[in-house]
Amino acid sequence: MSSAATARRSATVRAPAKVNLELKVGPRRPDGFHDLATVYMALGLHDEVTVIPADEWSVSVTGPYAARVPTDESNLALRAARLLATVTSVDEPVAVHIHKEIPVAGGMAGGSADAAAALLACDHLWSVGMSRDELLEIAAELGSDVPFLLAGGIAVGSGRGEKLAPVLARGSYHWVLAVSDGGLSTPEVYAECDRLRSGQETPTPEPSPEMLAALRSGDADALGAALSNDLSDAALSLKPELGEVLASGLEFGAKGGIVSGSGPTVAFLTDSSEAALDLCVSLTATGVAREVKRAKGPVHGAQVVAGPSRT
Ligand code: C5P
């Protein structure tokens with residue numbers, strides 16, 4: 001293929017953010033990870049990743065959070081593209097471009113979403129035709145949340161969070177996300193969780209019957225009451241001001257509130273798009289969070305939106 005034609009080929013994939021409706025953390029494993037039982041929901045807040053054949057591997061970022069995303073070899077989307085090239089023996093470097101709308105280091109898996117999007121985009125660009133299971137396996141090597149961002153919807157995660165099982169769920173839910181300054185480091189939040197629980201018996205993590213029943217019924221009140229996160233105490237211990245964020249959202253009438261993953265974003269469930277807008281306005285007015293966003297869930301996982309093309 002001529003270099004002019006190569007330069008015009010590209011593929012674009014968008015991938016969602018996530019919230020953990022429930023996150024049960026088991027004991028620390030010998031490999032440093034923790035066994036989890038988690039219920040993921042994909043949220044309608046997306047990053048978009050475009051891959052374009054290039055002379056050298058590179059990554060660039062645009063969007064409101066661009067300045068906070070690394071553009072060196074540590075970038076997870078770049079690592080995803082390189083890993084897929086290695087596994088499939090493709091010898092075609094790509095320029096990875098990320099348009100970032102998911103807050104960085106917020107507990108909403110934005111980096112994992114970019115990795116999932118980069119995997120799928122390269123799979124299309126190179127026409128390697130990986131099966132869904134093969135892609136999920138490669139995704140798991142990149143991070144515990146990456147397989148779910150490929151799958152989307154609502155799923156139960158076990159192992160480190162990378163083993164997915166379907167869950168019977170109905171309904172569409174309206175969320176308000178209160179994003180705080182100063183991301184929490186995921187390993188530090190897990191370490192704080194271990195510290196707070198030291199000496200205590202940690203049961204084998206399992207999804208709660210209340211959560212599974214709430215999802216089956218599609219009832220926002222029941223889901224709000226069933227939200228729970230074992231990392232919440234640790235996130236609040238490292239960032240006590242999150243307590244004020246949680247209390248404000250509940251005071252303003254949210255059906256439930258939860259620290260998202262390892263934080264510091266706090267996710268509030270409401271029962272309509274009007275209620276979400278009201279909560280958004282009220283929380284913004286209090287100034288307890290740097291930024292307040294709305295998102296619906298569940299939504300699809302990573303999806304190709306364009307390409308490969310030669311436009
Ligand atoms: O898999 P991921 O790269 O997202 O994990 C980031 C860090 O979070 C890990 O290095 C580990 O410290 C912690 N973690 C954990 N147990 C999990 C998932 C993540 O301890 N199940």
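Biologist: Which residues are around the ligand?

Modeller: This is a predicted model, and in it the residues around the ligand are Gly-32, Phe-33, His-34, Leu-36, Gly-143, Ser-144, Arg-160, Thr-186, Pro-187 and Tyr-190.

Biologist: How much of the ligand does the protein bury?

Modeller: The protein buries 74% of the 450 Å² that the ligand exposes when taken alone.

Biologist: Let's turn to the strands. Why is strand E7 called largely enclosed?

Modeller: Seven of the seven residues of E7, residues 173–179, are buried, so the rest of the structure largely encloses this strand. Tyr-173, Trp-175, Leu-177 and Val-179 point one way, while His-174, Val-176 and Ala-178 point the other way, and all are buried.

Biologist: How do you know that E7 pairs with E11 and with E10?

Modeller: Pairing takes at least two bridges between the strands. E7 has seven bridges to E11 (residues 291–297), running antiparallel, and Tyr-173 stands opposite Gly-297 there. Five bridges join E7 to E10 (residues 266–270), again antiparallel, with Leu-269 as the bridge partner of Trp-175. Each count meets the requirement, so both are pairings.

Biologist: Which residues of helix H4 are buried, and what covers them?

Modeller: In H4 (residues 132–142), the buried residues are Leu-135, Leu-136, Ile-138, Ala-139, Ala-140 and Leu-142. Their cover includes helix H2 (76–88), helix H3 (110–125) and helix H5 (146–151).

Biologist: What makes Asp-35 and Arg-29 a salt bridge?

Modeller: Side chains of opposite charge can pair when their charged atoms come close. The cut-off is 4 Å between a side-chain nitrogen of Lys or Arg and a carboxyl oxygen of Asp or Glu. For Asp-35 and Arg-29 the closest N and O atoms are 3.0 Å apart, so the pair qualifies. By this rule the count comes to 14 salt bridges.

Biologist: What about Glu-192 and Arg-195: where do they lie, and is each buried or exposed?

Modeller: Both lie in helix H6 (residues 186–197), three residues apart, about one turn of the helix. Glu-192 has 9% relative accessibility and so counts as buried, whereas Arg-195 has 51% and so counts as exposed.

Biologist: How do you know that Arg-290 and Glu-291 form a salt bridge?

Modeller: Their closest N and O atoms are 3.4 Å apart, and the cut-off is 4 Å, so they qualify. Arg-290, at 37% relative accessible area, is partly exposed, and Glu-291 is partly exposed at 23%. Salt bridges that share partners join Asp-181, Arg-290, Glu-291 and Lys-293 into one network.

Conventions: Residues are numbered from 1 along each chain as its sequence is written. This is a predicted model: local features need pLDDT of at least 70, side-chain atom pairs count only at pLDDT 80 or more; totals for chains, interfaces and linings use all residues. Side-chain values use heavy atoms; hydrogens and water are left out. Buried means under 20% relative accessible area, exposed over 50%, partly exposed in between (1.4 Å probe, protein chains only). Helices (H or I, at least four residues) and strands (E, at least two) are DSSP runs, numbered from the N terminus. Contact means heavy atoms within 4.5 Å. A residue is near a molecule or strand if one of its heavy atoms lies within 4 Å of it. Accessible areas come from the Shrake-Rupley method with a 1.4 Å probe; for residues, only the protein chains shown count as cover.
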